[in-house]
Amino acid sequence: MPPLRHSLRPSRTRPLLVGVVALAAMLAGCSSSSKYYEPNKSNRTETGFQNNYPQSARGSFWKWQWERLVEGNPKPPANDYKFPVVRPDLAWLNANHRQPSVTWIGHATFLLQIGGKNVLTDPMFSERASPFSFIGPRRKVPLPATIAELPHIDLVVISHNHYDHLDRASVEQLNRQAGGPPLFLVPLGVLDWMNDLGITNVRELDWWDRIAQDDLDIYFVPATHWSARGLFDRSESLWGGWVFRDVHAQARGQAVPAGQEPFSVYFAGDTGYSKDFRDIGERFERFDLALLPIGAYAPRWFMQNQHVDPKQAVQIHQDVRAKRSIGMHWGTFELADEPLDEPPGLLAEAVKEAGLPADEFVTLKHGETVRLDDAGAGR
């Protein structure tokens, strides 16, 4: 499949039009979650899934859209959308089978190399985060690499079914990759949608479920969010984050310090703040690396239940006991009201305010790779 075309011009879709797009996207489809109902499960109701911890009432979507129209949000970034893009060292990535690494493709999409596996998180390679090719949030930064240029992908993990995280064209192309399809790991309620596309190498998981793939243990863990791809399917599929633990790092020659095996990575997906992260920190004790959202947080009165801001992301970093973290979910699609280049600056301020070393929680350039040493520090 040829790479999708991208415009580098700052396409300024008017806020009212964005509202119409959102409604159109909501009308795109629905599913049923009744088969997942279990009265003894805390994340289930008779009509769908729910978060672990109560939240305040969600603000009005239409009020937000009106405010955007009146105030002219989002404002363009100071760099006029000219974000730096790094061409990944594709030869090294294709040859690497031992050293843990992470490459930020953009938004919530990372190529994670861990446990001898190539893993893609929330693969989003299309031009628009939308069910339509002609309207909807448009990619503001070109792709640093296409799917075809990446190493053969062994595993794909999906955090939830929103269009900027579960992209139909991307998963279909991955399913057709040379050498055979990856294993797709998805939340409860997404398997049928994948099967309808002809994607059958799929496993769906509930919160705290574990699956083993050779040297890699993978867990699906809670987040505070919601799901929908249509007007009538809100919360009918689950949402969450993913934990990866390389249980045999030492056996492959990595000098993991005593008492610190396995090497571990946490991908938070899309989330608001809650006690879920302290629960995750207590369950897994520590992470060598956490991939945490820092963008799409404004205005807070509307976004606070579903997207953390940079200060809350630093709190998550501390809650899950991460040695270091990388910020995601910013700088690629305009999904909220803050300027697209604002999150990294606020993150740096929050890291300093928390008394943490500046390099403990950072952001990357699109396409940038961090090679992780045996103790989990980047170089």
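**Figure 1. Phe302, a buried ring in the predicted model.** Phe302 has a relative accessible area of 2%. That value is under 20%, so Phe302 counts as buried. Phe61 is buried as well.

**Figure 2. The ring pair of Phe61 and Phe302.** A pair of aromatic rings is described by the distance of the centres and the angle of the planes. The model holds 16 aromatic pairs. In the pair of Phe61 and Phe302, the ring centres are 6.4 Å apart and the planes meet at 55 degrees, so the pair is tilted. Phe61 belongs to helix H2 (residues 61-71), while Phe302 belongs to helix H7 (residues 300-303). The pair therefore ties together parts that lie 241 residues apart in sequence.

**Figure 3. The ring pair of Trp301 and Phe302.** The ring centres of Trp301 and Phe302 are 5.8 Å apart. Their planes are at 70 degrees, which is over 60, so this pair is edge-to-face. Trp301 is partly exposed, with a relative accessible area of 30%, whereas Phe302 is buried.

**Figure 4. The aromatic cluster around these pairs.** Phe61, Trp62, Trp64, Trp301 and Phe302 are linked into a cluster by ring pairs.

**Figure 5. Lys140 over the ring of Tyr81.** Here the charged end of Lys140 sits over the ring of Tyr81. Its distance from the centre of the Tyr81 ring is 4.9 Å.

Key:
Residues are numbered from 1 along each chain as its sequence is written. This is a predicted model: local features need pLDDT of at least 70, side-chain atom pairs count only at pLDDT 80 or more; totals for chains, interfaces and linings use all residues. Side-chain values use heavy atoms; hydrogens and water are left out. Rings of Phe, Tyr and Trp (its six-membered ring) pair if their centres lie within 6.5 Å; planes under 30 degrees apart count as stacked, over 60 as edge-to-face and the rest as tilted. Helices (H or I, at least four residues) and strands (E, at least two) are DSSP runs, numbered from the N terminus. Buried means under 20% relative accessible area, exposed over 50%, partly exposed in between (1.4 Å probe, protein chains only). A charge sits over a ring if NZ of Lys or CZ of Arg is within 6 Å of the ring centre and within 35 degrees of the ring normal.
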